[in-house]
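These are my notebook entries on one chain. I wrote down what I looked up and what came out.

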Amino acid sequence: MSLDWTSLTEAELATLSIAGRQAAFTEIMRRHRQPIFRMVRACVGEADEALDLLQETFVAAHQAMPRYDGNRSMRAWLSTIAINKCRDWGRKRTVRRFLSFAVPIGMEAEAVADDGRAIDDAAGDRQELDRVTRAIAALPAALKEPLVLRTIEGLSQAETAAVLSISEKAVETRLYRARAKLLEQLGGR
């Protein structure tokens with residue numbers, strides 16, 4: 001008799017994953033890869049980087065599965081791991097940019113990190129989506145993270161506060177500031 005993985009709770013899947021049942025972790029990934037990818041993509045602004053960070057998130061989650069609390073939302077737990085991966089990525093990117101400015105002037109331009117943006121798609125909707133995604137990615141982490149978790153990923157205010165280890169009131173305040181900053185960046189649209 002085989003298990004119907006889709007009918008199991010997240011706590012049951014976590015327990016089976018810890019016990020070595022790879023199919024249980026595969027089901028966890030199937031359930032959560034799209035929303036976690038969207039969240040990471042919104043945080044970093046680059047699809048290729050987001051795919052790498054998504055993979056890192058699930059590797060870290062697999063390793064940390066024994067520490068998962070079955071009473072907690074799996075999505076909130078995975079979101080916490082993903083946000084931490086995005087923060088690490090941002091710190092590394094800042095260091096790389098700083099070091100790229102330290103390159104001696106005589107070196108070739110190719111030696112400096114490429115900060116160029118991908119060519120926008122021809123369609124107007126795609127261009128606007130890319131513009132908004134870049135604007136969100138450019139927000140400070142303290143504003144971007146609650147905006148992505150609450151508005152884009154639909155976590156509740158309590159879940160967002162738990163993921164970010166801040167109060168619900170802080171989530172509300174940061175959402176207000178993030179939206180105002182986005183309006184300013186996008187020209188008041």
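This is a predicted model: local features need pLDDT of at least 70, side-chain atom pairs count only at pLDDT 80 or more; totals for chains, interfaces and linings use all residues.

Entry 1, cysteines. I looked up Cys86 and found that it counts as buried because its relative accessibility is 9%. Buried means under 20% relative accessible area, exposed means over 50%, and partly exposed lies in between, with a 1.4 Å probe and protein chains only. Cys43 is also buried, with a relative accessible area of 3%. I then asked how far the sulfur of Cys86 is from the closest cysteine sulfur. That closest sulfur is in Cys43, 4.4 Å away, which is too far for a bond. A disulfide is a pair of cysteine sulfur atoms within 2.5 Å. By this rule I count 0 disulfides.

Residues are numbered from 1 along each chain as its sequence is written, and side-chain values use heavy atoms, with hydrogens and water left out.

I looked up the secondary structure and got 8 helices and 0 strands. Helices (H or I, at least four residues) and strands (E, at least two) are DSSP runs, numbered from the N terminus. Along the sequence the pattern reads α-α-α-α-α-α-α-α. The chain has 189 residues, and 36% of them are buried. Contact means heavy atoms within 4.5 Å. Among contacts in the chain between residues at least 6 apart in sequence, I found that 59% join residues at least 24 apart.

At what angle do helix H2 and helix H6 pack? Helix H2 (residues 22-44) and helix H6 (residues 141-152) meet at about 145°, and their axes are 10 Å apart. Axes are lines fitted to C-alpha atoms, for helices over the stretch in contact, and angles run from 0 to 180 degrees between N-to-C directions. H2 contributes Met39, Ala42 and Cys43 to the contact, and H6 contributes Lys144, Val148, Leu149 and Ile152. I sorted the residues of this contact by class and got 6 nonpolar, no polar and 1 charged. Here Ala, Val, Leu, Ile, Met, Phe, Trp, Tyr, Cys and Pro count as nonpolar, Asp, Glu, Lys and Arg as charged, and the others, Gly among them, as polar. The buried residues of H6 include Lys144, Val148 and Leu149. Just after H6, Gly154 has a positive phi of about 75°.

I searched the whole structure and found 2 aromatic pairs. One of them joins Phe25 and Phe58 edge-to-face, 6.3 Å centre to centre and with 80° between the planes. Rings of Phe, Tyr and Trp (its six-membered ring) pair if their centres lie within 6.5 Å; planes under 30 degrees apart count as stacked, over 60 as edge-to-face and the rest as tilted. Phe25 is in helix H2 and Phe58 in helix H3 (residues 47-64), 33 residues apart, and the pair links distant parts of the chain. Both Phe25 and Phe58 are buried.

Thr133 sits in helix H5 (residues 124-138) and is buried, with a relative accessible area of 13%. Leaving aside residues up to four places away in sequence, Thr133 touches Arg41, Ala42 and Gly45.
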